[in-house]
Amino acid sequence: MPQRWPVIEVEHAQVRKHGQAAFGDVWHCVRADRGRVIAVLADGLGSGIKANVLANLTATMAARYVQADADLRRAAATIMETLPVCSVRQIAYSTFTIVDMDRRGRTRLVNFDNPTSVILRRAQVLDLPREEFSLATASGRPAVLRFVEFQAVPGDRVVLFSDGVSQAGVGTAAMPLGWGRSAIQQELLRKVQAEPGLGGRSLCRHLVGRALALDGHQAKDDITCGVISYRHPRELLLITGPPVARERDRQIAEMSREFEGRKVICGGSTANLVARELGLELKMPLNLRNLDPEVPPTCGLEGFDLVTEGAITLATLTRLLEEDDLEGRRPNAATQLAALLLESDVIRIVAGTRINEALQDPNLPADLDIRRNILRRLQRVLTGKYLKDVDLKFV
C-alpha cells in the first residue's frame, strides 16, 4: 500500500460579539488542487453586519488571489482599495491573516494588523523571523504586511486568532490590557503538552472558550480562532449494514479486525454479524439513565471505538452535520459518532446492501430514508462542508 502524504486539518471556532446578530470576523477556507489549502481570517471594521460585509469581501478576494498565485503585495493593495469606505471614519478597513499550505508542507503566512499567529512544533513555539513590507494604498492609509515562509513537518500547528481573543478580559483588574499573545502562547503550550494528540477542533474551541470566560461569558468583540494542523492522517472505518451476499460476512469481519485506525459499527445486525464472526461478545449498555429518547443507546464491542444503532442514528448524525447543530447537544450516539468523524481525516464507509425490512415501512419518518441515501448525504456533507476524504463503498 503506497505511503500517504500528511494531511492538512483545518478547524475553527467562533463566538459573536454580545448583542450582535452577525459575525464581524470571517473564516474562509479553500481546498485547491493537489491538497493545497488556503485559509483566511478577516476581521472587519466595527462589528455586526457592516463588519461582516467587509470581512467577507476581504476573505473571498484574498483566497482567490492566493489561489491564482498573484503577487501578494499587489493582491493586498487591491483588497485595501476595493473595500467600501466607512462613512464615519473615512477608511476602508479589514484586517486579515492568510495561510497558504500545500501537501508537501510548504507554508506561507501573510498578516495585516491581526494578532501574530502562533506556530507550534513538538509542543514548543516556533519563533520565525517575519519580513515586513509597506504598501501605499489609494486612501493614503499606510499598510504594513508581515510575511513568513517555512517548511512544515508532521505535527506542526498554525494557530490564528482575532483580537477578540488577544484582547479578551481587557479592562479587568487582572488583565487591564487584555489576555495578550504571550499568555495565549502559554495556554496553547499547556494544552498541547498535556494532550499531544489533541485535534485542531478541540484546540480552537478550547481557546475560544477561555477567551469567552475572560470576557465574563459575554463577548466584548467577535472571538475567532482557527487551527491548521499538518500531520499524518487519522483514519476511521465505519461499517453499516450486512453485505448483500451472506458468504461475505466473514470478509467484512476480517476487514474490521485488520483495519489500523478507529472503528465504528452502525447497526444492530452488523454488530451481531461482526461479533459472531470474530467470536466476540456484544455488551449491552448497563446504565439506561439519562438516555436520549430520539437516538438509541450505544453498545460495546472489544476492539471498536463505538457501536450504535443504524438508520436512526445515521439520519440524526447527517442532519446535525448539515445544520451544524452540534453545540450544546446532550451526549448521545449521534453526537459521539460526529465527534469521531470530525476528528478523522480519511473516512472509509463500508455499507452492506442486504435489505432490512424494518426500513421499508412507509409510516416511518421521511428523514429515515433508505440507508444508502442517508450515507450519500453523509458523504456530501463530510467532504463539502468539513473537508474530509470520504470513500463510500457498497457491498
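How many salt bridges does the count come to by the rule used here? The count comes to 21, where a salt bridge is a side-chain nitrogen of Lys or Arg within 4 Å of a carboxyl oxygen of Asp or Glu.

## Basis of the values

The model is predicted, and local features therefore need pLDDT of at least 70, while side-chain atom pairs count only at pLDDT 80 or more and totals for chains, interfaces and linings use all residues. Residues are numbered from 1 along each chain as its sequence is written, and side-chain values use heavy atoms, with hydrogens and water left out.

## Salt bridges

Arg-36 forms a salt bridge with Asp-69, in which the closest N and O atoms are 3.3 Å apart. Because Arg-36 lies in the loop between E2 and E3 and Asp-69 in the loop between H1 and H2, the pair ties together parts that are 33 residues apart in sequence; helices (H or I, at least four residues) and strands (E, at least two) are DSSP runs, numbered from the N terminus. Arg-36 is buried, with a relative accessible area of 13%, whereas Asp-69 counts as exposed at 57%; here buried means under 20% relative accessible area, exposed over 50%, and partly exposed in between (1.4 Å probe, protein chains only).

Asp-102 and Arg-106 also meet through their side chains in a salt bridge, at 3.7 Å from N to O, with Asp-102 buried at 19% relative accessible area and Arg-106 partly exposed at 40%. In the salt bridge between Glu-195 and Lys-191, the closest N and O atoms are 3.0 Å apart; Glu-195 is partly exposed at 35%, while Lys-191 counts as buried at 16%. A network of salt bridges links Asp-249, Arg-250, Glu-254, Arg-257, Arg-276 and Glu-277.

## Nonpolar cores

A nonpolar core is a set of buried Ala, Val, Leu, Ile, Met, Phe, Trp, Tyr and Cys residues joined through side-chain atoms within 4.5 Å. The largest such core has 29 residues, of which Val-40, Phe-96, Ile-98, Phe-112, Leu-135 and Leu-145 touch the most other members. Among the elements that give two or more residues to this core are strand E3 (37-44), helix H2 (72-82), strand E4 (94-101) and strand E9 (143-151), and the largest share, seven residues, comes from H1. A second, separate core of 28 residues includes Leu-236, Leu-238, Ala-351 and Val-381.

Strand E12 (residues 235-240) is largely enclosed by the rest of the structure, because six of its six residues are buried. Both of its faces are covered, with Glu-235, Leu-237 and Ile-239 buried on one side and Leu-236, Leu-238 and Thr-240 buried on the other.

E12 pairs in the parallel sense with strand E15 (residues 346-351) over six bridges, pairing being assigned if DSSP finds at least two bridges between two strands; Thr-240 has Ala-351 as its bridge partner in E15. Strand E13 (residues 262-266) runs parallel to E12 and is joined to it by five bridges, and the bridge partner of Ile-239 there is Ile-265. From E12 the chain crosses through helix H6 (residues 249-258) to E13 in a right-handed β-α-β crossover, a term that applies if, with the strands pointing away from the viewer, the path from the first strand over the helix to the second runs clockwise.

## Cysteines

Zero disulfides are found in a search of the whole structure, a disulfide being a pair of cysteine sulfur atoms within 2.5 Å. For Cys-204, the closest cysteine sulfur is that of Cys-225 at 5.4 Å, which is too far for a bond. Cys-204 counts as buried at 0% relative accessibility, and Cys-225 counts as buried at 1%.
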